Amino acid sequence: MALSERYTYSERPLVVGTYQTVNEPEMVASGQGILPAGAILGRITASGEWVLSMAGASDGSQIPRGVLGVELDATTSAVIGPVFKAGVFNPHALIFGTGHDETSVKSAWEGMPLFVRRPLNDGSF
């Protein structure tokens, strides 16, 4: 039986710990260029599309609601990609939009099953 998943080694894993992750396919809006895995996403209220969350936005996407699971090219068209809606994430592997940082995202995620936690072996305690 062949394996259906492929794993790659990363010194900065996106997901840390043993908390269960949950991701769902979501429409990522066009015009954003190439978004890397780990991008913090917000959802535009009017369209339901996901974009890189920027604190200064006023369309609903200013609220961080998920983490992009893979690199996506949303340069010329909207694309469907996996968005994590639950899990524990390494802040060193997250991509923060303008005005967001580890502290603002942690605060926004209070009460959600999304967490930012530094790996135990990163020496930054």
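**Reading a predicted chain: burial, strands and side-chain pairs**

Tutor: Of the 125 residues in the chain, 36% are buried, where buried means under 20% relative accessible area, exposed over 50%, and partly exposed in between, for a 1.4 Å probe and protein chains only. The model is a predicted one, in which local features need pLDDT of at least 70 and side-chain atom pairs count only at pLDDT 80 or more, while totals for chains, interfaces and linings use all residues. Residues are numbered from 1 along each chain as its sequence is written, and side-chain values use heavy atoms, with hydrogens and water left out.

Student: What pattern does the chain follow along the sequence?

Tutor: Helices (H or I, at least four residues) and strands (E, at least two) are DSSP runs numbered from the N terminus. Here the chain has 1 helix and 8 strands, and their order along the sequence is β-β-β-β-β-β-β-α-β. A contact means heavy atoms within 4.5 Å; among the contacts between residues at least 6 apart in sequence, 67% join residues at least 24 apart.

Student: Which strands pair with strand S3, and in what sense?

Tutor: Two strands pair if DSSP finds at least two bridges between them. Strand S3 (residues 40-43) runs antiparallel to strand S5 (residues 66-68), to which 2 bridges join it, and the bridge partner of Ile 40 in S5 is Val 67. S3 also pairs with strand S4 (residues 50-52), again in the antiparallel sense, over 3 bridges, with Gly 42 standing opposite Val 51 of S4. S3 and S4 form a hairpin that has 6 residues between the two strands, and in its turn Gly 48 has a positive phi of about 80°.

Student: How many salt bridges does a search of the whole structure find?

Tutor: A salt bridge is a side-chain nitrogen of Lys or Arg within 4 Å of a carboxyl oxygen of Asp or Glu, and the search finds 4. One of them joins the side chains of Lys 85 and Glu 24 at 2.7 Å, N to O; Lys 85 lies in strand S7 (residues 79-89) and Glu 24 in strand S1, so this pair ties together parts that are 61 residues apart in sequence. Another joins Glu 26 and Lys 85 at 2.4 Å, N to O, and this pair links strand S1 with strand S7 across 59 residues.

Student: Is Glu 26 buried or exposed, and which residues does Glu 26 touch?

Tutor: Glu 26 counts as buried because its relative accessibility is 17%, whereas Glu 24, at 36%, counts as partly exposed. Not counting residues up to four places away in sequence, Glu 26 touches Trp 50, Val 79, Ile 80, Gly 81, Val 83 and Lys 85.

Student: Where does the salt bridge between Lys 106 and Glu 102 lie?

Tutor: The closest N and O atoms of Lys 106 and Glu 102 are 3.8 Å apart, and the two residues, 4 apart in helix H1 (residues 102-108), are separated by about one helical turn. Lys 106 is partly exposed at 41% relative accessibility, while Glu 102 is buried at 18%.

Student: How many aromatic pairs are found?

Tutor: Rings of Phe, Tyr and Trp (its six-membered ring) pair if their centres lie within 6.5 Å, with planes under 30 degrees apart counted as stacked, over 60 as edge-to-face and the rest as tilted. The whole structure holds 3 aromatic pairs, among them the edge-to-face pair of Tyr 19 and Phe 115, at 5.2 Å centre to centre and 80° between the planes. Tyr 19 lies in the segment before strand S1 (22-28) and Phe 115 in strand S8 (residues 114-116), 96 residues apart. Phe 84, Phe 89 and Trp 109 form one aromatic cluster.
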